[in-house]
Amino acid sequence: VYGTNQDDLERNKDIVQEIYDNDYQFPPPPAKPTLTVVPGDSKVTLYWDRVAETTIDPVLLEHDFQGYKIYRATDPDFNDVRNITNAYGVIENYTPLMQFDLADNIDSLFYPNYELFQQSGGLSFDLGDSTGLIHSYVDSNLINGRTYYYAISAYDSGNPDNSYPSENTKYITVLPSGEILTDKNTAFATPTSYVQGLEIPDIEIENI
């Protein structure tokens, strides 16, 4: 258990104790979508599958998928978009580049019960604006020659009485050799101007 200060440490200790008392049985996020990126001239096109939308939560035994958040960073740890704090000023979350969610009556900010709100230190969660789902996105006006790191995170709707919305993790590792390792829902791309005669292959995403 760790924290940015003594108060944060004690709050985190209480949360970890509750996790232990519940035998680690908490609703997990939906399955991770598979992300494919195609660099272009000052742009990167992202594609992802629909596997998260068919996930059944093993704890709740229901479909609780709600939407996707796209993250873009110039740092492989996404630190340049990790800037959302709780009420105590502790950085807890990331600002997405784009967000797409189900066109339903679940939207706006997540409102938990009093106990959950206290545990989170006043942190909420953006459930979206009922925009509807898409499975591709073109990120434009980028700098050619610069490497960008992307993640597509599926998230669920949470439950105001017992659990916050949860979303997929995003891992990218740069080895000392320079090799970049990604997860299935993360990728990197370096946009560049087209070389004469280069043909961009068609990308097909298999729906699982």
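**A walk through the fold**

Reply: The protein has two helices and eleven strands, where helices (H or I, at least four residues) and strands (E, at least two) are DSSP runs, numbered from the N terminus. From the N terminus on, the order is α-β-β-β-β-β-β-α-β-β-β-β-β. This is a predicted model, so local features need pLDDT of at least 70 and side-chain atom pairs count only at pLDDT 80 or more, while totals for chains, interfaces and linings use all residues. Residues are numbered from 1 along each chain as its sequence is written, and side-chain values use heavy atoms, with hydrogens and water left out.

Me: What makes glutamine 66 count as buried or exposed?

Reply: Buried means under 20% relative accessible area, exposed over 50%, and partly exposed in between (1.4 Å probe, protein chains only). Glutamine 66 has 1% relative accessibility, so it counts as buried. You'll find glutamine 66 in strand β3. Leaving out residues up to four places away in sequence, glutamine 66 touches Asp101, Leu102, Asp104, Ile106, Leu127, Tyr155, Asp156 and Ser157; a contact here means heavy atoms within 4.5 Å. Across the protein, 36% of the 208 residues count as buried.

Me: How do you know that lysine 32 and aspartate 183 form a salt bridge?

Reply: The term asks for a side-chain nitrogen of Lys or Arg within 4 Å of a carboxyl oxygen of Asp or Glu. For lysine 32 and aspartate 183 the N to O value is 2.4 Å, and they do meet in a salt bridge. Lysine 32 is in the loop between α1 (6-21) and β1, and aspartate 183 is in the loop between β10 (180-182) and β11, so the pair ties together parts 151 residues apart in sequence. Lysine 32, at 22% relative accessibility, counts as partly exposed, and so does aspartate 183, at 24%.

Me: How many salt bridges turn up in a search of the whole structure?

Reply: Two. Arginine 72 also forms one, with aspartate 139, and their closest N and O atoms are 2.9 Å apart. That pair links distant parts of the chain, with arginine 72 in strand β3 and aspartate 139 in strand β7 (residues 136-139), 67 residues apart. Arginine 72 is partly exposed, with a relative accessible area of 27%, whereas aspartate 139, at 3%, counts as buried.

Me: Why is lysine 69 said to lie over the face of phenylalanine 125?

Reply: A charge sits over a ring if NZ of Lys or CZ of Arg is within 6 Å of the ring centre and within 35 degrees of the ring normal. Lysine 69 is 3.9 Å from the ring centre of phenylalanine 125. The charged end of lysine 69 also sits over the ring of tyrosine 155, 5.5 Å from its centre.

Me: What is called a nonpolar core, and which residues touch the most other members of the largest one?

Reply: The name goes to a set of buried Ala, Val, Leu, Ile, Met, Phe, Trp, Tyr and Cys residues joined through side-chain atoms within 4.5 Å. In the largest core, with 18 residues, Leu35, Val37, Leu46, Trp48 and Tyr150 touch the most other members. At least two residues each come from β1 (35-40), β2 (43-48), β3 (65-73), β8 (148-156) and β11 (186-189). β8 gives the most, with four residues. Apart from this core lies another, of eight residues, including Ala73, Phe78, Val81 and Tyr94.
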